[in-house]
Each structure stands twice: as structure tokens, then as C-alpha cells.
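Me: I have a structure open and would like to go through it with you. Could we take it topic by topic?

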Amino acid sequence: MSTETKDPAIADVIAEPVRRRDFLKVLGVGGAAVTAVGCYSDQVEKLIPYVASPDETVPGVSTYYASTCRECAAGCGIIVETRDGRAIKVEGNPAHPVNRGALCARGQASLQGLYNPDRFATPMKRQGDTLVATTWDDAIATLSAKLADAKQSGAAKDAVFINQHEQGSFPAFLDQWLAGFGMPAHLAYDAEAPISTVAANRQAFGVSWPGYDLGAAKIIVSFAADFLDGWGLPVPQQLAFADARARIEGAPRLVYVGPRRSLTGLNADTWIPARPGTVQQLAEAIAAAVGGRGAGDLKGAAERSGVSAEAVEALVAELKAAKPSLLLAGGAGPNATALASTINDINKALGNVGQTIKPAEASQAFEGIATHAALRDAAERMAAGRVPVAFVRGADPVHSMPGGAKFAEAFAKVPFKVSFSSYPDDTTQLCDLVLPDNHSLESWGDAEPVKGTLSLQQPAMDPVFSTRATADVLIALAKADPQMAGRYPADYRGVIAARVGGNAGLVAALPTAVTRGSALPAPAPKSAAPKGGGAAGQGDYFLYVYQSPVLGDGRGANKPWLQELPDPVTKIAWQTVVELHPETARKLSIAQGDHVTVTTSTGSLTAPAYLYIGIRPDTVAVAAGRGHAAYGRYARGCGSNAMALLGVAEDMRSGQMVLAGVRASIARATGESRLVTTEGSARQHDRGIAQAVTLEQFRTGEGVEHEHTFPGQASTEFLPGLRAPVANDAQGDLGDPKSAQKGQYDPDHWSGVAKRRWAMVVDLARCTGCSACVTACYAENNIPTVGAPWQGPQLWPNVTGHGANVVRGREMAWIRLERYFEIDREPKDVEFNAEFDTRVIPMMCQQCGNAPCEPVCPVYATYHSPDGLNVQVYNRCVGTRYCSNGCPYKVRYFNWFGYGEPNRAQYAFPEPLNWQLNPDVTVRGKGVMEKCTFCVQRIREAENRARLENREVQPDEFTVACAQACPSRALTFGDAADEQWAVARMVEDKRAYHVFEELNTYTAVVYLRKVNHPAAAPANVAAAEAR
Amino acid sequence: MKRPSRWVFVPAAAALTLAASIITASARAPQGNAPAPAQETLTQKANREAAGKAPRGPFAYSGASGYTNYLGGGVGRSPVQPIKFPHPVHVNTLKLNCVYCHFSAFKSPDPGLPAVSTCIGCHQNPTILPASPDLAKLKDYAAKGQPIPWVRVHKVPEYVHFPHMRHVNAGVTCQSCHGQVNNMPQVFQYASLNMGWCVSCHVKGYSPAEGLRSAGYTPDSAALAAPRKRATYDCSNCHY
Amino acid sequence: MATLAQPGQDTGPMRPNIARAGLQLPAVKDYGQVDREIMGTLRPTKGWFTLLMVAITCLGIGATSWIYQIHEGLGVAGYAPPVMWGVYIITFVFWIGIGHAGTLISAILYLFRAGFRTTIYRCAEAMTVFAVMTAGLFPIIHIGRPWKFFWLIPYPNWRLLWPNFKSPLVWDVFAISTYLTISVTFLFIGLLPDIATLRDAEKNPMKKAILAMLSFGWRNSENEWRHFARAYLFLAAFSTPLVLSVHSVVSFDFSMALVPGWHTTIFAPYFVAGAIFSGMGMVFTIIIPIRKFFKLEHYVTLNIMDAGAKLTLFTSMVVGCAYMVEFFIAWYGAVPVEQDYFWNRVFGQWWWTAWIMLTCNVILPLSLFSQKLRRNPTWLWILSLFINLGMWYERFVIIVPGLSHEFEPWQWTGYAPSFIDMGILLGSFGWFFMWFLLFIKQLPVIAIAEVKEIVPPRLKAASSHGGGH
């Protein structure tokens, strides 16, 4: 589609010279972005050509730029798809050593950071108590002056520069710059970083983050190391784990030790629910038992930590037997570092170093990271008024520091505060001068994930707003200073080019953005004397605060995709909940959704209760990441901030802030609210939706043959792919395959359309439930988020506010992660029992060969395409919603409001979020049904490309968005009719089954059963001791 | 006894009159030419004039074409362009190929529009019609570094995905859908662009001979002998 | 009055041959009285006007709600996916059901020569027409893009597309439009002689003109009576199967889907029985106040009430039986999903709706075994209100619990109608009663001509062979 523009805007911009994309900026919508279904228009539209057409771009055809993801410290490689000068999709870079083409939800959502409607459009300057827009010249002049006299007066030596920790050259570059102005080195702050593990690793192996080879281990024991929830390097860890588990034979068993089952815990075969604060002794005892350093008898330790001795003994036995093994220590308890060191000792004792722990393949991700103590120390200096000028970039300490640190008050005492943040976050709100940074997709940079490998970051598009890369601003400021001017190239691009042998090298390296080379060496990590007192405070319960797997420390909270993405464990979106064990809840007569007040010595927090069977009865958990005071329309006032509960308490050995093990008391508060959850019933009721077998059964074949859920049903023989009868007309009729007049539905028809059957295989042995596929789907298919307060029905007081639509089950995720607990009782009456299996299953449209939704549609809006797709024609839909009634999988979603229509309160893509909309996919208007289409736009694009190159579509030439993103490689898409495609082979797997086979829907989505690895000697954790 | 039957005719007549008036009302096409506002930008002018070109229907079809509430899906609609670009001169006289300017028609769903720089490529030569006011406009745009806000003529609704390259590479002449633009002093919408129009060709198949004729050529024997090119007509080819 | 209806010879199908023996109206003496009393009901009264205003107000509320919904989107209704069908479809089925009793009484009972229909059929038939008019609105209110409703109607179009004739919703379009057409025709044909009567009694020329046109110039000749009888008989025979077919088609909307509790073969007869039951309920709701306020007790006699009550009792027991069969099949079929669903319906999430339904439709009607209650208009009226409520809940119980408790436990949910749902529900009653109230003051609510057939005409009264043999 040509870029179209509505008229009135032209009049505005026609005045001064503008480039083509600036038109789009003003108008916001171009190409298919305006396509609300059936919204016909007679407005005269404009065709805006280029002034001078760029050589490489073809209108209507995507251009791809390789770059580096900056959403966390890991430094994954990404490919940014741009169309007509806008980034529309971010995908993993297959050529990248870290993430091998996969990408997590947060990486996917970086686009909504780029196009966030609440970004600063210009530099801002404080006037009174508000920030007002100013020009870049003014802003830079102001800052330059400040720097100059700070340098003169010597005040500079007390300046503080807080930078969001990142790897690569920038930290060193920044320190040089600071030094040039006589300022001390910056603080690389990251609230999420596993500081304690890093410290222990430095001590044990001399590197901050050795390569963990999860695949080589026979058993993995995680001491609250949530390597599937964002701890460490999420994507590579998940890839390795999934690959290992997919081996089935000889796949590592996963044992999880910790008070709360995180996503990692739920993926574990055994859960040892050790009481907070006692894990250290337990580890010591285990160390002693396996012959490493450390003391303490197993039984006693088990007693103290409230787990059964048999379980621990069994674990020890297993560790001795199964070598190599891998033990990981995470968590943020008062003595997490001690724990981590002990674990490293055990690893050494078991000879895992070199086998599963490879210091040689160390990651640079956490080099040069400052301890949380250092930041708290800085805060104290500020409070004492000893800091004349402070800078903050990217980080939001006001929100992510413990409430006890009183960072906001301290920061407010600094006379001159400069922010380089791009968003109006809680910290930036307090600043006097804001020089908004470019988004990472708009700026140059580099990362060195593995020593010797440089991962480049290049701008994929011109800045959306009038922002400037901080590095360039720094250079500009330096140029103003005579002593420093000489040291710098024209801009930061030059600095990067220097790392790869000049401009030529840079140009050569950019196609993959991965090259040999190294970033500037990371500066030495900053630290300060930690303050203890972790387990202080009163209360009968342990508080367990954890960084949200979806929102991280809160930096994801301004991205609606992430707010709407249900937490993989609790399935809660748009809301902060207090996680209680049903037993505890019953004791305090608290029901699901009742408001609960958690009180610590520092502060208190009131939120609805969520009854979670995966947490110790003596522990209460709250996720961090929500409860912003500012940070834009999506984050402001959504949920509450768990950090408020935490006092100043750090791990004495590493200076990591203490998140877990703090004492707290809980009480029923008045009021209740409906949980913003996508969870209906978390039990399968024996319906065989997410099936699993034990390794034993898998070997012997018992229990693997099809489970007849309903007795006395028609043939439920398993017929994957084309061997299942496929509809031979638009109504999804099975009919007589030999019947004439089938037109394109005839495999022998000249069009050959019917020769294909698009299908998907989902390997539940790989799927961890991380939900990256969900966000990928939102990004690819223009799926609206519906949870913002103004998007909901406004007529019921009880169901308005954040997530009002989600409360009514109106979320639009075309693919959802269902999380079932294999435990026969409903949540409310569950005794504590650590032994339950969790099944996660991605549920999307099953593209039935014999679809119940097709015959009932009165207008053929949904029908069966010859290539086996269950097509949804949005513009034909009148919205009877009959198809949804027919669908047993409940994977059809209705546009209750005009989410896709601009100028509506419920519009899901406020300017400029709509820049991200995929031009190849129709944006649905109100009143129509939508659903997963196997990314039909990608199928058509591949067919067009093949035709253009005068060839057939090659096997596995392309894949769908969810499969492309999946960091577990659990999804495989392809043509089941052609055995050259991987999927056609996989459907033959002996673990294969269809969901609700007995309904004879002959789905095109084939699931492979999960395989559980129970302990040889069952580790039965007795409920009694747990309390 | 009195025969009340004649009363039957009174309301019948009334009904007839009503019906007649409705029909005439709907047939009458209001002129879309609103009075010109005080200061009117170039494009506002173009729109105002364009709006009046085709008769406005009494009600809107959905999806007939981009300009759906013109009867006949906007056929004959011919908006005034910001610059009076003469296709005939460039195509017939100077023998420019369509894809010289519409450069991506054979490799992209989007046919592409010439960048101002493309025009200037030739028109920087001052000897070309030095007096022409439209060329002056063109140079003005180029000088100011502004793109030319052409008024769109042919448009399918946004929920239709039309890959130009598939059609062009299949040998469909541009004129089959766009008409003989090479003979249009001011381009107008040639075909209804509604779904039936698309589907009929996809089902019947495209005849090279007809294509050539519509382009104004006389088909050679090969073209005449060539079979109709059929295309798939599955909904999800275009609607997704 | 000499020009007035002159019943022809009682041989053959020449004239509407209602078994006279079936019904006695002892208090009705002669034609004059019939004309006087029935036409007397047409005079507008304050009470009537007040009711009309109330109805119009309700309609206004409904209309406002609908406009708001069209503008904002269906999200303003109470839908909570996967409960994608709610109050609108419930109410649609409810009104269609109401429509059935009318045709039953006017057509089927006519063919069965059930005399007691005579004085209530006009009322019932009018109720049918207006009920179907009301029901017909709901599919449009229900769909996401009402302005595209015409896509369900097969008409040649430039898209070269037809509707999907396999979809029960398309069948609905046909079923309902047919039913409405036939009912209207039947009502109108039956009205012809009465309109003529009114016409002749009318003084105001304008009104006279309209009535004249409506009466098609009926002049009470032998030929007209012969054709009238033929037409009447034919239409009665024609609409009889519709009573069965229409609600069967409506029931297919549900039984064609996979939803547990919907996907069953007994739905067609079950729905038809339910429809007639609910229709009888509405007939009582309407006829009892009419006979009271219009002083027509001696036309709509207690015998008639009694007979109607028996019919109600019978249909109630059929419906009760259908409920039992559903539970039996669920148990006997041993399909866990079905069993879950029915358990959840009666003892789970939706127990209260199920028990409202059972109480109103099965338990309370049992009181009609007592003749005393059958002949007690007050009780019948109260009972009829309960029946209406119960039948609305029956549809609720069929539609909502099924969708809210389906195959996918992960998608189990609840459902609560919103103000908008309720506003439109209220509006539908306003719409229905507005038409009905207008009707009863324009046209006789009791068929004058047919009553006269069972009243010994004065001239005959003199002669030896009296009213009937």
C-alpha cells in the first residue's frame, strides 16, 4: 500500500520543509494502519512520494537492520524489520551467539518503548515545579555552563552519575567523559541484577558470569535461581534448558529449592520448599554431604528449613550419582552471597567446573555493575547535601530502590539534577533538566556478550521525537570544553567504528551486527560498605519480593503489551497481588480477591489476595515492577510498588539489596476487588488438554497411547497432518474426497492450493510457559491491548479501572498460555503439598480440518481455505459470534469496542504507538471476530516472494511470529502435507496428540506430550514439616 | 347501498407519490462543491474540487472501493492534482515506460511514486517549457524539499491486500485496471475496483489479447492464441 | 344492522365452521349486544392512555440504550467471553416463544374445532404478530455490526457472494420472516368482516376511508363469505406447521453448536413445547386484565379460562418432562463434559437460575390440577407472570451456563447483564405493549363476526330451529 495521509494534516505540515516520514509522523497512520474494518471513507487521501528516494528501500517491502537488544543486560542480537522508515517488528538475530534467533517478551516489547506515547518529545527544563519544553541548544548550553563552573569550583568531584547498567563500550566512554570534567566514575545500576551471584562467581572463578551449560548437566538444582524468569541471561538459559529437556532420554532433572515456586520452580520436577533464611545452612549441609567444604548434618538442616530429610538425602544421593550436575544459586536473601559461594563449592566438589560451569566462556553481561549498596551510599550522600549535581540515565532508582532508602527525598536535596531518560519516570519527574535519550533502536552502541565477540547496535530509524543519543550529547558537551574537545570523534558512531577498525569495518559488520572485536574494557565495579539487617522486623510471615518476569524492576510497566501479558505464574495482569497459600488464607479467613495488608517495619501495602498453592504457608510474596507515580499513562497508578515494603538491608558480602526473608505481618483489609486474571479454572478436570508422561512411561510406552477422555465416542484414532480428512469445501465439510466440483479444494486442481496443509507442532517438553510467543503475536498481528482504564466498560463501578476488560475475559491474545496444576482439589481447599505437577500449554486457533466454527457462520466470514487454514475474513464478519460458541478451544476473540479505531476512548494505539502497526495485517474495527490465522500474511508474503523469484516455497523457508520468537523452540510451523518440512516429520512423534481429539475436529495443531522426570526415590516433602 | 371500495385508491395514490419522490430524491446527486474558504491550501482546493467530481449516492456501499459513497464505486472520479502532470506527453510523446516512474510496480505490492528528485532529474534542464506554471510549482517543491501531495485516484479498501507485482509479472497490462492513463490529460478512476470486478477476472481468467486491446494495442497472433491466465479466488488471498 | 354479518348455510367449508356446541355464551343475547359491547371497548380511556405512555417510556429507554450500544460497541453489554451470547438471544427466543400460542390458538385449535378459542383467538393472534415483531429486532441488536445485517439476506450483489445456507442463523432469517408474514396475513384476513363492521359504524370520513381500504370493500355477500372461509381455512392449515417449524429452527441455533447442554437432539420438540407454554402464559397475562377492564367476562368465560389452563398445565408437564430427559441423557450418555455442565447448572454456579426455572415452569403450574384455581382469574394471572419469568430464565439457563462452563476449564467464567442489556430488555416490553395497546383501541379485541356465529341471531331466534344443531 502506498502511504496514505488524511488531508487536514497536510495543511499543517506543508508550511515548512519536511521529509516524507515526517508526514507520517504528523499523520501517524500510513498504509494498512488506518484500516478499521468496514470503515469506509470518502476522504480524499494523499500519496506522499519521497523527495529523494533512498536507494535501498522499496515502498511496501520491508528493510531489515541487525542490532542489539537493550531491554536487559544480556545483550541479545535482534533484527529490526522496518517498513517505509518505521520499525514494525523486532525479532531475534539467528546469527547471534547469545540468543540464536530467539527473543523474550521484553525484547519484543522494546518497540512500545520506542513508540511510547509518553516519551519526551523535546528537552525539558524545570520551571517552578513543572517541566517545560525547551530547545536542544538551550538545554545543552545550560548543562555546559553548569559543568564548566562545577569543574572550576571543584564541586564536580562530588557529582553522581547513575546509569542503567549496560554492557559494551558506553560505560567506559562515560567514565572517560566524567573524568574529563573532574567527576567520579558513574554508578552502573541494575535493580534486577543478581549481584550476590556475581560476587560469589568473581570470588570462585574470577569471572562475573561463567558460561552455564545446562545441556551438559544430568541434574540441575536451582536454589531460587530463577533462570527462566529473567535471572541472569534469560534467553540463552531458556534455549539451553529447552534443548536439554527435549532430549528426553538423559535430559536433566530440575530440582528447585526455595520458598516460592517461580516459573523456574513450576518447571522443576521436584520442589524442596525450604523456609526463607535457612537455605544457606541446607546448602552447607549438602556441601558437607557431597564432600565439599561446609558443615552441618543433613537431618538438622532439613528440620530447620522445614523440608523432609528424605528429600534432601535423596537429592544428595542423586548429586553424587549423576555427574556432571549443575547447581545454581540466586535469590536475594540476607546471605545470598554466602549461599552462592557454598553452591560454587559444591559445584567444585562435584567436579562440575569445566563440565557444566565454564569460566572460559564467561559472559560480560555483568562486568562493571555497581552494587546496590553503592547506590544507597550515594543516596545518603545526597541526603546529607554533599552532592552538588546528579545525573541519571535509563535507571529509575526512585521506583526501584527499597522504600527504606528514601531515595526520592535524598535525590530532591541535590541542587541540580539532570536526566537523560526518555520517559517521564519517577526519578526524571524530580529532575531540573531533561535531555531525552534516543531509544536503543534509534541510536548507536555495542555490546560484548562473549569475550572477543562484538555485537553492534545501529539505529533502525530516525528518532521518533526530537531526542538525541546521550553519547552524542556528551560529545557535544565535551567539544565545548577546550581540554576535551580533541579527544572525541564527531559523534558516537565514530567511537563504535573505532572498535571495529574504522568506518569500512563498521559497514562490513553491520549486515549481521556480529563481529570479532571487543568493546572498551568495562570499568571496575563500584561498591560501598553494605548495611545488614536483612531478616529484621516483626511478623509471623516471611515477605518474598521478586522482580516480575514480565515487567522486570518496573521498566516494562509503560508498555501495554507487557502490562497486558499475564504473569506466567500467577496469570495476573495490570494488577499487584499478594500471593498467599490457601491454607494461610483460610487461617486468616481471606478469600481470593479480598484486600490484604502486608506490613513490615518499613512500610505497608494493601492489595487483593491471590491464593497460590506454590508458596510456603509461612511466606507471602509480592511482585515488584508496578506502582509507579509517573512513567506515563500505562504505568501511572497501576498496582502498587512492593519496594515500599523493604528497608535498607543489604547482603553483607555483596551489597545486594535484600528482597526476600524480611519479616512481615498480614491482615485482612476492608474491601475486595476482582482479580485481573486470565485464569478460569486451573484444573484440567481430566480433559486431557495438556498431557504428560513420565520418562518411565515414555520408555515403556504405557500411558502414551491416546487417552480416551470421553468413553463411547466416534473414532479418535490419531491422524496428524494430511492423514486427517481435510475439509473439501468452504463450510468445512468433510464430504467425499472424490467428489467433483471441488474447485480449488481439489488437490488436482490447477491452482494446487489444496496441496498444502499448514500445521503446527507444539512440544510441551520444551515449552516453559514464558509467554514470549504472546507478545510476538501482539506485535505481528496488530492485536489491541484492552486493559487500560479508559478502555473498559464505564457503566459498572465494580468492573472499571485497570484491567476492567480483562476481568470480563475480553483480553485479545490470539495465543494464550494455559497453566494447569495437576492437583485434584480446587485452590480454596488445598492443604500445603509441594508435590504437584504444572502443565503449561499454548492455546491458539487449532485450524481444525473439520471446524465447528465454519458451518455456523451465516456470511462465510470464517471458512476453510484450500490450504487448510481456518480463515477469518474481518471485513465480511457481521459479529454474530456464533463461531465462538462452536469453538471448543475458545480461541476466537471479539472486538467489543473500537480498539482499532482512532478517535475512540478505547483506541489501543495512541499516536505514535500506531506507527508499529503491521501494514500487512488489517486492524480490526469494532464488532468483528478475530483469531489466530497462522500469520497468513507471512504465508502470502512467502508465496509472493517465491513467485517473484519464480520458484516454489522452500521447506521451512519462513515461520510464524510465535514460533520465530519462542526462546524454547517449542513451536514449529510448516506444511504437514510436504514431508520435506520439519513439521511433517514431527507430527509422527510418538508423543503426539490433538487436544479434544474425541470431538473429531482434526486439528492442524499437534501437541507433543510433556515428559516428567520424577526422582528415582520419590522426594515426598511432608506437609506437616513444612509448617 | 354505498360502495366504499373507491376509498381504496386514495391511499394507493399517496403511496405511489411517496415512492416516486424517494426515487427521484435518491437519484438526484448533490454537488459536492462547498464554497471555497478564505485562505485555502493547495490540497484543500484539490480536495474540494475532487469531492464534486463523482455523483454522491444516497447511501454508502461498504467496500466497493476506497471511495465508497460514490455511486459506481467512484468510477470516473477525477480529482484535480496539485501539479497538472500530463501523462500523455510523458508516455505517448516521450515514450516513458510506466515503471520508469512507478518504479516498484513489478517488485512490490506498492507500485511506487516518483520522488521529486526523479522529476527534477530531467526538469532541471531550464530549456523545458520555461514558461510552464506547473513546472514552476515542481521546482518550487524541489527547492523547498517538499514532496508533492498527489491526490489519490485508485484505491482499494485497506482490508484488501493487492500485490501489484503479482499482476504485473503475470503480464496484466496496467491499462486493464487503470485504463489508458497514457491518454488521460487528468487521471480518472477507470474501473469500479469492487470485489465482483476483481473476482470475475480471477475466475474467468485474464486474456492477454483483451489486456492488449484495453491498452490500445492490437494483439498479435501469439497473444490471441494465448490461453486465459486464471488466478486463485480464495478469500484469504486478499483479505487478511 | 340488517347489512351486518349474515351467517350462511352451515354446510361444507363455505364459512368458518366453528363447532357451536363447543361453547356457550349464556350472557350474550343477540348481535346488537355483541356490536355494542365489543365496539364499546374501542373508546380510548385515561387508564389506557397512561399505560400507553408507560410503554412508550420503556421503549424510549430501550432505544436510547441501543443507540448508545451501537455507538460504543457491544462492550457496554454484559458479555464476558466465552459467554458471547447473552440477554439479547435469551430475549429473542423468549419473544419468539410467546408468538407461538397465538398461532396455536387461532390456527391449530381452529382446525381441531376447539370452540373455546373463539373469543380469545384475536387477542392471541395479535400478540403473536407483535411478539414476532419484537423478537425480530433482537438478532440485529445482538450482532456486532447491525448495519451489516442485510448480508444475512440472500440477494444478488456485486460481491458475487451468497450467505452460508448451512448456518442456522440464515435459517432463522427465513423462519422468522415467513412466520411474521403468515401471522400478519392470518390476523388481517380474520379481521376483514370486523373491519367492515367498524367501517359501517364509523362516522368520521377520514377514519371511514382508512377502514374502507383495510376492509377491502367487504360487503358481506355470500361470495365474500365463501372466499373468506376458504382463505381462512387455508391460512390456518398453512400456519399450523409453522408453529412447529419456527421454534424448531430457532432451537437449531443451539443444537447445531458443540456447546455442552446445547448439542442435543431433543431441542426441537422441547423448544416448541416451551414456546407454547410461554405463549399461553402471555395470553393469560393479557386476556385477564382485558376481560376485566373491558367488562368482557361473559365473552371470555370461566369455561374458556378453564380450558386454557388445562392446555397450560399440559404443556407445562411436557416441558417438565423435557427437563428430566435432558438430565437423564446427561447421566446416561456418560460424557463427563455434559455431566459437569448439568451438575453445574443445578448445583453449581447457576443453581439459582435453574431453580427459578423449575419452580416457575414445573412446580407452580401443578396447582392447575385444582379446578378451583383453574377457574380463578386472579390466580391464573399471577401464575402467568411466573410462567413468563420462568420461561425467560429457561432460555437463560440454556444459553449462559453452557457457554460459561465449556470444554476448556481455563476459559470458565461468569456472566452478569449490564444496565444496557436490561434497558433493551425493558425496551422490548415497551415496544410490544405499545403496539398491543394501540391495537386494542383501534380494532376489536374479540372477533365480532365469529362471536356472532355462536350467538343465535334475532331473526333466527324467532324461528323454531335455533342457534345450532
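Me: What does the secondary structure of chain B come to?
Reply: In this predicted model, chain B has eleven helices and one strand. The order along the sequence is α-α-α-α-α-α-β-α-α-α-α-α.

Me: How much of chain B is buried?
Reply: Of the 240 residues in chain B, 40% are buried.

Me: And what share of its contacts comes from residues 24 or more positions apart?
Reply: Such pairs account for 62% of the contacts in chain B that have a separation of 6 or more.

Me: Changing topic: how many residues does the largest nonpolar core have?
Reply: The largest nonpolar core has 329 residues. Those with the most contacts inside this core are A:Met760, A:Ile841, A:Tyr1007, C:Tyr88 and C:Ile399.

Me: Which helix gives the most to this core?
Reply: That is helix α3 of chain C, residues 87-111, which contributes 17 residues.

Me: What is A:Tyr1007 in contact with, leaving aside neighbours within four places in sequence?
Reply: Its partners include A:Val762, A:Leu764 and A:Ile841, the run A:Pro842, A:Met843 and A:Met844, and also A:Arg991, A:Ala992 and A:Tyr993.

Me: Which residues does the second core include?
Reply: The second core is separate and has 51 residues, among them A:Ala332, A:Ala528, A:Val578 and A:Leu611.

Me: On to chain C. At what angle do α10 and α11 cross?
Reply: The axes of α10(C), residues 336-347, and α11(C), residues 351-363, cross at roughly 75° and come within 5 Å.

Me: Which residues of α11(C) are buried, and what do they pack against?
Reply: The buried residues are C:Thr353, C:Ala354, C:Met357, C:Leu358, C:Cys360 and C:Asn361. They pack against α8 (267-293), α9 (302-333), α10 and α13 (377-404) of chain C.

Me: How many disulfides are there over all chains?
Reply: The search of the whole structure finds zero.

Me: What about A:Cys883?
Reply: A:Cys883 is in no disulfide either, and the nearest cysteine sulfur, in A:Cys877, is 6.4 Å away. A:Cys883 is buried as well, at 9% relative accessible area.

Me: Now the backbone. Which peptide bonds are cis?
Reply: Among them is the bond from A:Lys323 to A:Pro324, with omega near -5°. A:Pro324 sits in the loop between α12 (309-321) and β14 (325-329) of chain A. Another joins C:Pro81 and C:Pro82, with omega about 5°, and C:Pro82 lies in the loop between α2 (46-72) and α3 of chain C.

Me: Which residues other than glycine have a positive phi?
Reply: One of them is A:Phe934, with phi about 55°, located in the loop between β35 (929-931) and α27 (936-948) of chain A. Another is C:Asn220, with phi near 65°, in the loop between α6 (205-214) and α7 (222-255) of chain C.

Me: Are those two buried or exposed?
Reply: A:Phe934 counts as buried at 1% relative accessibility, and C:Asn220 is buried with a relative accessible area of 15%.

Conventions. Residues numbered from 1 in each chain as written. Chains lettered and ligands numbered in written order. Predicted model: local features only at pLDDT ≥ 70, side-chain atom pairs only at ≥ 80, totals over all residues. Heavy atoms only, no water. Axes fitted to C-alpha atoms, helices over the stretch in contact; angles between N-to-C directions. Helix = DSSP H or I, 4+ residues; strand = E, 2+ residues; numbered from the N terminus. Disulfide = S-S within 2.5 Å. Buried < 20%, exposed > 50% of the residue type's maximum accessible area, 1.4 Å probe, protein only. Core = buried A, V, L, I, M, F, W, Y, C linked by side-chain atoms within 4.5 Å. Contact = heavy atoms within 4.5 Å.
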